[in-house]
Amino acid sequence: MPPRILNVLELQEQLQDEQIATLVHRFYERVQHESLLGPVFAQHIADEEWPEHLDKMVRFWSTILRGTNRYTGNPMIVHSNVPALTAAHFTRWLELFREVAEEHLPQVIADSILQRAERMGRSLRGALSL
């Protein structure tokens, strides 16, 4: 049986800001120590810039998942300025994101977030021709 995916309104109602913050912080803790992703992030985010980056990512995911309009920016431009990105980076990013989401969120919320993350990843990969 396929996973149950919450619609936009259900996800907005069930997902709390604290859960988004936990997801983002735990995910990027792992990213920084991950052998494929860590070096790419280290090249573009200095140690002292991590708090600002984490805040930006919480705002981004809040906007994507809860419709809060807290994020302003263009992920396509940001990712196009990272020439070292490959399809393998996107695959690993999604694997790690899935692990963290499933560890820290109820399954139906994790599945709903992951569906959106996978769609976004496909869109970015396509636009970057990866």
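Trainee: Let's start with helix α7. How does its expected span compare with the distance between its end C-alpha atoms?

Mentor: Happy to begin there, and do keep in mind that the model is predicted. Helix α7 covers residues 107–127, and at 1.5 Å a residue its 21 residues should span 30 Å. The end C-alpha atoms are 30 Å apart, so the two agree.

Trainee: Which residues of α7 are buried, and what do they pack against?

Mentor: In α7 the buried residues include I109, I113, A117, G121 and L124. Also buried there are, among others, D111 and R116. The buried residues of α7 pack against α1, α2, α4, α5 and α6.

Trainee: Now the rings. How many aromatic pairs does a search of the whole structure find?

Mentor: The search finds eleven aromatic pairs. Take Y28 and W50: their ring centres are 5.8 Å apart and their planes lie at 50 degrees, so this pair is tilted. Y28 belongs to helix α2 and W50 to helix α4, so the pair ties together parts that are 22 residues apart in sequence. Y28 is buried, with a relative accessible area of 4%, and W50 is buried as well, at 7%.

Trainee: And why is the pair of W93 and F97 called stacked?

Mentor: Their planes are at 15 degrees, with the ring centres 4.6 Å apart, so the pair counts as stacked; the cut-off for that label is under 30 degrees. W93 and F97 both lie in helix α6, four residues apart, which is about one turn of the helix. Both are buried.

Trainee: Which residues touch the most other members of the largest nonpolar core?

Mentor: The general idea is that in soluble globular proteins, nonpolar side chains tend to be buried together. Here the largest nonpolar core has 31 residues, and Y28, W61 and F97 touch the most other members. Elements giving two or more residues to this core are α2, α3, α4, α6 and α7. The largest share, seven residues, comes from α4.

Trainee: What is W61 in contact with, leaving aside its neighbours within four places in sequence?

Mentor: W61 is in contact with I20, V24, R66, W93, F97, A117 and M120.

Trainee: Could we look at a polar side chain? Where does Q19 sit, and which backbone nitrogen lies 2.7 Å from a polar atom of its side chain?

Mentor: Q19 is in helix α2, and the nitrogen is that of Q16. Leaving aside neighbours within four places in sequence, Q19 is in contact with Q14, L105, P106 and I109.

Trainee: Last one: how should I read the phi of N69 and of S129?

Mentor: Most residues other than glycine have a negative phi. N69 is not a glycine, yet its phi is positive, about 60 degrees. N69 is found in the loop between α4 and α5, and at 64% relative accessibility it counts as exposed. S129 also has a positive phi without being a glycine, about 55 degrees. S129 is in the segment after α7 and, at 66% relative accessibility, counts as exposed.

Methods: Residues numbered from 1 in each chain as written. Predicted model: local features only at pLDDT ≥ 70, side-chain atom pairs only at ≥ 80, totals over all residues. Heavy atoms only, no water. Expected span 1.5 Å × (residues − 1). Buried < 20%, exposed > 50% of the residue type's maximum accessible area, 1.4 Å probe, protein only. Contact = heavy atoms within 4.5 Å. Phe/Tyr/Trp six-rings, centres within 6.5 Å; stacked < 30°, edge-to-face > 60°. Core = buried A, V, L, I, M, F, W, Y, C linked by side-chain atoms within 4.5 Å. Polar contact = N/O pair within 3.5 Å; in protein donor to acceptor, adjacent residues only side chain to side chain.
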